[in-house]
Amino acid sequence: MDIALPDRAYVPGQGARHPEGAFDHLRATARPGMSADALARSEAWRGGLWFLAQGYFWEAHEVIEPVWMALPPNSAERRMAQAVIQLANGALKLRMGRPGAAARLAGQVEALCGEIAGPVMGVHGAEMRAAAVALRNGQEGGDSEVCIIVRTICCQFCEEK
C-alpha cells in the first residue's frame, strides 16, 4: 500500500492525539458529489481500510468519515462505510478494555451488513459480519483476531485497486 502509516496508533486516554489536520490530505480525497465508485477508489477509503487492517482504528475512522458523508443517504455504499467505521470504533473500544461497548458496536456492524451479500465499496458483507462476530467474541485488550480478519478483508481490497 502506498499510503504511509502514522507514527503511532492513537488510543484515547493512552497517549497524545495526532496534530490537528494530520489526515486532511487523505480526507480531502473524498468530496461531496463524487460517485460511489470514485469514493471507493479514493485515498480516504483505501487509506482508511489500510489503517484499519494495520490496527490504526481511530485513524481509520477519521479518514473514512468524509467518504461516509459523501455517499448517498440510505445507499448500500453508505451502510458499508458506516459499518467499517463502527468496526473500527468497536476494535478501538476493545483495545481500550471496553468489551461491552465493542459488542454493542459489533451488533451495529451486523445490522448494517445484514442484507449485503456481494461486494459493496470492495468489501463483502459476509466478511464484515465475520469481523463483527470476532469483535463480539474479543476479550479485553485482545483485538488480534479482529485485526487478522480485517487485514484479510482490507488487503484483498487494496490489492484489487
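How many helices and strands are there in the chain? The count comes to eight helices and two strands. Keep in mind as you look around that this is a predicted model. The chain has 161 residues, and 48% of them count as buried. If you take the contacts with a separation of 6 or more, 65% of them join residues 24 or more positions apart.

- Helix α4 covers residues 57–70, which makes 14 residues.
- From the first C-alpha to the last, α4 reaches 21 Å, close to the 20 Å expected at 1.5 Å a residue.
- Now look at I64: α4 bends there by about 35 degrees, and I64 is also one of the buried residues of this helix.
- A proline, P66, follows the bend within four residues, and P66 is on the buried list too.

**G48, a glycine in α3**

- You'll find G48 in helix α3, which runs over residues 43–53.
- Is G48 buried or exposed? G48 counts as buried because its relative accessibility is 0%, and the cut-off for buried is under 20%.
- Setting aside residues up to four places away in sequence, G48 touches E43, A60, V63 and I64.
- G48 and V84 are 36 residues apart along the chain, yet their C-alpha atoms are separated by 9.0 Å.

**M34, a loop residue**

- M34 sits in the loop between α1 (24–27) and α2 (36–41).
- Which residues does M34 contact, leaving aside its neighbours within four places in sequence? They are T29 and L39.
- M34 and V67 are 33 residues apart in sequence, and in space they are 9.3 Å apart, C-alpha to C-alpha.

**Helices α6 and α7, packed together**

- Helix α6 (residues 99–113) packs with helix α7 (residues 125–137) at an angle of about 165 degrees.
- Angles over 145 degrees count as roughly antiparallel, and α6 and α7 are therefore roughly antiparallel to each other.
- Their axes are 8 Å apart, and the crossing is left-handed.
- On the α6 side, the residues that meet α7 are A102, A103, A106, G107, V109, E110 and C113.
- On the α7 side, their partners are G125, M128, R129, A132, V133, L135 and R136.

- Some background first: most residues other than glycine have a negative phi.
- N74 is not a glycine, but its phi is positive, at about 65 degrees.
- M121, another residue other than glycine, has a positive phi near 60 degrees.
- Where do they lie? N74 is in the loop between α4 and α5 (76–95), while M121 is in the loop between β1 (119–120) and β2 (123–124).
- N74 is exposed because its relative accessible area is 73%, and exposed means over 50%.
- M121 is buried, with a relative accessible area of 6%.

Notes. Residues numbered from 1 in each chain as written. Predicted model: local features only at pLDDT ≥ 70, side-chain atom pairs only at ≥ 80, totals over all residues. Heavy atoms only, no water. Expected span 1.5 Å × (residues − 1). Bend = angle between axes of the 7 residues up to and from the residue. Buried < 20%, exposed > 50% of the residue type's maximum accessible area, 1.4 Å probe, protein only. Contact = heavy atoms within 4.5 Å. Axes fitted to C-alpha atoms, helices over the stretch in contact; angles between N-to-C directions. Parallel < 35°, antiparallel > 145°, perpendicular 65-115°, else oblique. Left-handed = near helix turned anticlockwise from the far one by under 90°.
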